[in-house]
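Please look through the structure shown here. The paragraphs that follow lead from a helix to a group of paired strands.

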Amino acid sequence: MMKASPMVPHRRRTQAPTPQKSPKKRSKSKRNYADTCCDECGSGEFAAELLLCDQCDRGFHLFCLRPVLVSVPAGSWFCLSCSSHKRPKSFPLVQTKIVDFFRIQKSSQTTKKLCLGKGHLSCSLVYVFPWLILLFSTIEIDHGHLFLIILESRKKRRRTSSLVTSKKKRKLLPFNPSEDPARRLKQMASLATALTTTGASFSNELTYIPGMAPRSANCAALEPGGMQVLSKEDTDTLNLCKNMMNQGEWPPLMVVYDYLEGFTVEADKFIRDLTIITEYVGDVDYLKNRENDAGDSMMTLLSAADPSKRLVICPDKHSNIARFINGINNHTPDGKKKQNVKCVRFDVNGECRVLLIANRDIPKGERLYYDYNGYEHEYPTEHFV
């Protein structure tokens, strides 16, 4: 394989120098960057995939790094040794700071917890059973018996539904928050840690920034062959999830840091099949504006027949937990077995939306993965863990 030509200064990080035998420092401008190698595998091949540490000048293939990088990161980059093996600085586990970070709506009615024996009744049940507040305020009843009545009522409603109908149309489910408020606070702090470390701010909606694609460009009718329409009932479920999060009821997910995978997401509680995990959000832009973008988390929003009208979601500035759910390795059987989430694009009231949905039951502690190549089959995953 032919070696790449000597690097120009402004592209210095795209290649790496051969390690020097002498510890004597030399001016970076005088280094010969044409002769390159990887500090991990020792190979000088795939020069275009080599990345230099901005401190020690050692080189690494993007695919030899753990976690793997799919493109040269914007700004400075430091290898694991130069970053001193430091874990990301944790976001303060302080309720007021977390409430402000996620812009949770402060309302005495929605933040009040209804006691139920040793546990509590969260506001998510109030959304599902809006008559519950009235019931509590008008009669006195043993709390344990009331809870059993609710469950029995739900069971009876399930029995009256047709089995054939349920097979034809499987409804999406809202997430079930952790009962312990302190645990939810830790879940939120874990996401805040990941977002602040990556320099992003929290957003739970698609954002439209001046100079990028306007909201009017997000038209599901432009999708060739049409786009799957989200039913009214499932749309209500999605809105329920959004409302719960606005009130501080959080999906049972924990963002953890792994030296091999980077930030990744795991279930902090059992999650049922067909549960809405989250919506994929970020800044909406035209694909033509992002052809040479260094971001590695862009998601297709609209694949219009006209290339100039194709849209992508860019979560590098504004995002939620979806950005940290990792992809499977499409090239190995074990990689495909790890998938427990599916990525689906829907037409929601005429606009394109992308949802991540559990495609099987997910036990507590299991990490979440989905197929990055569900549509285009263009994302390089052969080096994924």
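Gly248, with a positive phi near 95°, comes after helix H8; helices (H or I, at least four residues) and strands (E, at least two) are DSSP runs, numbered from the N terminus. This is a predicted model, in which local features need pLDDT of at least 70, side-chain atom pairs count only at pLDDT 80 or more, and totals for chains, interfaces and linings use all residues. Residues are numbered from 1 along each chain as its sequence is written, and side-chain values use heavy atoms, with hydrogens and water left out.

H8 covers residues 232–246. From first C-alpha to last, its 15 residues reach 21 Å, close to the expected 21 Å at 1.5 Å a residue; the expected span is 1.5 Å times one less than the number of residues. Among the buried residues of H8 are Asp234, Leu238, Cys241 and Met245, where buried means under 20% relative accessible area, exposed over 50%, and partly exposed in between (1.4 Å probe, protein chains only).

Strand E15 (residues 351–358) has eight of its eight residues buried, so it is largely enclosed by the rest of the structure. In a regular strand the side chains alternate between the two faces of the sheet. In E15, Glu351, Arg353, Leu355 and Ile357 point one way, Cys352, Val354, Leu356 and Ala358 the other, and all are buried.

Which strands pair with E15? Strand E14 (residues 341–348) runs antiparallel to E15 and is joined to it by eight bridges; pairing requires at least two bridges found by DSSP between two strands. Val348 has Glu351 as its bridge partner. Two residues lie between the strands of this hairpin, where Asn349 takes a positive phi near 55°. Strand E8 (residues 276–279) also pairs with E15 in the antiparallel sense, over three bridges, and Thr278 stands opposite Leu356.
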